[in-house]
There are 2 protein chains.
Amino acid sequence: MSAEYAPLSPPKRLLMGPGPTTVEPRVYGAMSKPIVGHLDPYFFQVSEEIRKLLGLVFGTKNEFCMTLSGTGSAGMEAAVANFVEPGAKIAVFANGLFCDRISEMARRQGGQVVRLEKPWGQPFEDEEAAEFILREQPRVAAFVHAETSTGALQRGHAICEAAHQVGALAIGDCVTSLGGMPVNVDEMGIDIAYSGTQKALSCTPGLAPITLSPRALEVLRARKSAPATWYLDLKLLDDYYAGAHRYHHTAPITLFYGLREALVAIAEEGLENRWARHRTNHLALVAGIEAMGMRMHVAPEHRLWTLNTPCVPDGIEELKVRKRLMAQRGIEIAGGFGPLAGKVFRIGLMGASSTRENVLLLLEALEEALRAEGFQAAASGKAAAARFYAAA
Amino acid sequence: MSAEYAPLSPPKRLLMGPGPTTVEPRVYGAMSKPIVGHLDPYFFQVSEEIRKLLGLVFGTKNEFCMTLSGTGSAGMEAAVANFVEPGAKIAVFANGLFCDRISEMARRQGGQVVRLEKPWGQPFEDEEAAEFILREQPRVAAFVHAETSTGALQRGHAICEAAHQVGALAIGDCVTSLGGMPVNVDEMGIDIAYSGTQKALSCTPGLAPITLSPRALEVLRARKSAPATWYLDLKLLDDYYAGAHRYHHTAPITLFYGLREALVAIAEEGLENRWARHRTNHLALVAGIEAMGMRMHVAPEHRLWTLNTPCVPDGIEELKVRKRLMAQRGIEIAGGFGPLAGKVFRIGLMGASSTRENVLLLLEALEEALRAEGFQAAASGKAAAARFYAAA
């Protein structure tokens with residue numbers, strides 16, 4: 001057997017794609033600590049600390065902050081399956097892959113899905129968003145705060161306000177924003193916000209933080225039919241984590257240890273400092289990209305700080321560029337999906353990956369890889385970013 | 001913040017409950033290795049190695065062996081949600097908590113649930129099992145191979161054979177048997193078998209191995225309606241792990257590293273050696289329990305080697321005994337649920353926890369704790385177990 005199964009030795013990658021991102025080194029340390037049982041008081045102490053820290057990171061006073069035993073997509077499924085009852089209308093703001101995923105999940109719950117569509121990467125204006133909701137009078141409105149497939153931010157204020165005006169709940173997907181840029185669930189008015197651990201929280205993938213407003217909690221508790229999912233039934237999970245600690249499933253204790261450590265790291269850095277770090281590195285990257293003569297896909301005011309989508313220069317095959325980055329530098333970035341396939345690069349600067357060193361290294365490596373494919377940069381991206389940092 | 005959030009320092013527990021069990025130390029080492037992306041060829045190399053090793057441990061030639069990004073209960077939900085279509089009849093063999101969970105999940109999928117019931121801990125005889133299926137003519141039959149709530153093993157041969165006779169698929173829950181005692185999916189005839197990683201695989205919780213027979217795969221591929229769950233949709237997951245590697249969700253890479261290591265450890269120990277180790281330690285524990293004058297809840301021929309359920313002696317409050325074990329020795333064992341509440345202890349001997357040292361230590365500690373509660377052992381359990389080992 002030993003010949004057949006060599007020791008695990010993963011290649012060293014610099015993860016600068018749309019996630020997973022580089023794991024904060026201290027997270028691995030926490031995950032090496034011996035586990036306790038899933039009903040051990042120590043486990044509930046850890047999950048309670050996580051709950052409080054999630055409140056900080058989500059920017060919410062919600063009592064209900066929980067960690068689901070699945071990835072960000074499990075967070076999405078929990079949000080949809082618990083709040084879209086069969087026959088209920090859900091209004092989806094559709095301008096990227098993850099809005100489509102929400103739509104698909106809602107259909108599977110028997111929801112009546114209505115969509116306001118825009119080209120991928122173009123956010124919805126406040127007025128059109130509100131009009132759509134007032135016209136459709138849905139029970140739930142869903143938007144993606146930070147679209148990983150496009151690099152665009154969606155302001156949530158008008159959506160949540162209009163939703164509340166018609167008595168609907170607002171779902172906000174914060175997978176790629178949480179921990180890297182302002183989320184402020186309470187201020188935005190989101191009723192159900194979820195995320196994943198492998199993006200700007202800089203943790204390993206496998207968990208999905210979720211928070212519910214008191215309004216959402218009331219709807220959840222009043223729900224008569226059980227949701228199709230037992231594994232992600234938030235009422236049952238609430239009985240496990242809160243109050244009675246009634247056994248539901250065996251929580252992945254080691255991942256909880258890691259998440260606690262990642263959240264403590266955020267608290268120690270300071271959430272606003274962390275946002276500022278992500279913003280600065282994003283702006284430096286953009287300065288470098290634009291100096292090279294490339295365009296960004298998303299308009300400046302709507303860009304994510306965590307995920308950057310420069311357009312692929314004309315005549316360049318993006319896959320070749322990415323393969324070169326991987327083969328020669330061990331750097332992972334991603335390409336576009338669906339309507340953006342072949343048209344954009346997706347460059348993540350999240351958590352431990354969002355550093356000055358990485359921005360400069362990536363710009364140098366990208367320039368080299370593009371040059372090898374025949375693209376001549378107008379000026380050095382790395383030099384432009386260095387100037388940006390010097391001036392910042 | 002640093003005062004508020006002290007460094008993570010879990011208490012040292014000896015995990016001898018129904019799971020999670022002690023994690024194989026080398027698993028922590030593997031989980032400390034840097035992650036790669038969820039679409040990285042190296043990740044698919046790891047998931048492919050896991051697939052092959054799972055075939056070995058499940059005792060199957062099935063091509064379809066997969067690891068789900070959730071705990072054992074997610075494995076159960078995947079089995080039920082993908083194979084119990086709305087309106088379809090499912091026959092459940094109900095004699096413990098996890099059979100009830102399968103029933104509940106099936107109802108949530110709109111399945112028509114029929115149950116053959118027995119007191120908790122009493123397995124179904126071949127003949128009555130077959131009769132039930134032939135009479136009910138279900139589309140799916142489900143049983144729990146190793147009932148964690150009772151410590152009883154359910155033979156699956158007659159159930160699977162009868163299921164196939166009526167054209168039904170057989171689901172077998174192998175959460176507490178896989179890696180610790182013979183499962184032999186092919187020989188038993190199970191079509192859909194799933195497990196969890198935190199029991200006899202001796203890994204951290206968070207993943208659910210699952211395997212499908214060619215017959216189950218055919219049914220899956222022919223299914224017209226999408227299952228309610230997107231996260232656990234096995235068709236979509238098959239597109240991710242096999243063939244096209246089409247993006248579905250971000251697999252928890254670190255947990256996969258850990259599972260690979262745990263499975264390699266099993267392959268190196270030798271599956272049959274591992275079963276023998278679990279059997280010997282189980283028998284030694286029983287010798288000790290019986291020497292003390294206690295009874296086992298399950299008849300000898302139906303006992304699990306991984307989870308032991310001695311009856312609580314008359315007049316003893318089991319919770320006090322468990323609290324004493326935890327407080328004085330840091331040993332976790334569990335009590336009974338539902339009809340077995342207060343009536344049995346549940347003592348796990350799984351994976352790295354299944355050792356001679358642990359058996360002897362537990363017997364000594366249990367005897368001491370029972371004595372403190374007023375129970376006088378007929379003879380030393382530890383000495384009886386030591387004699388058993390000497391003779392074995």
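**Exercise 1. Find what share of the contacts in chain A with a separation of 6 or more comes from residues 24 or more positions apart.**

Solution. Two residues are in contact if their C-beta atoms, placed from the backbone, lie within 7 Å. Residues 24 or more positions apart supply 73% of those contacts.

The model is predicted: local features need pLDDT of at least 70, side-chain atom pairs count only at pLDDT 80 or more, and totals for chains, interfaces and linings use all residues. Residues are numbered from 1 along each chain as its sequence is written, while chains are lettered from A and ligands numbered from 1 in the order in which they are written.

**Exercise 2. Check the radius of gyration of chain A against a compact globule.**

Solution. Take the radius over C-alpha atoms; the globule rule is 2.2 Å times the number of residues to the power 0.38. For 392 residues, the rule gives a value near 21 Å. Chain A has 21 Å, which agrees.

**Exercise 3. Sort residues of helix 12 of chain B into buried and exposed.**

Solution. Helices are DSSP runs (H or I, at least four residues), as are strands (E, at least two), numbered from the N terminus. Buried means 20 or more other C-beta atoms within 10 Å of a residue's own, exposed 12 or fewer, and partly exposed in between; C-beta atoms are placed from the backbone.

Step 1. B:Glu318, B:Val321, B:Arg322 and B:Leu325 are buried.
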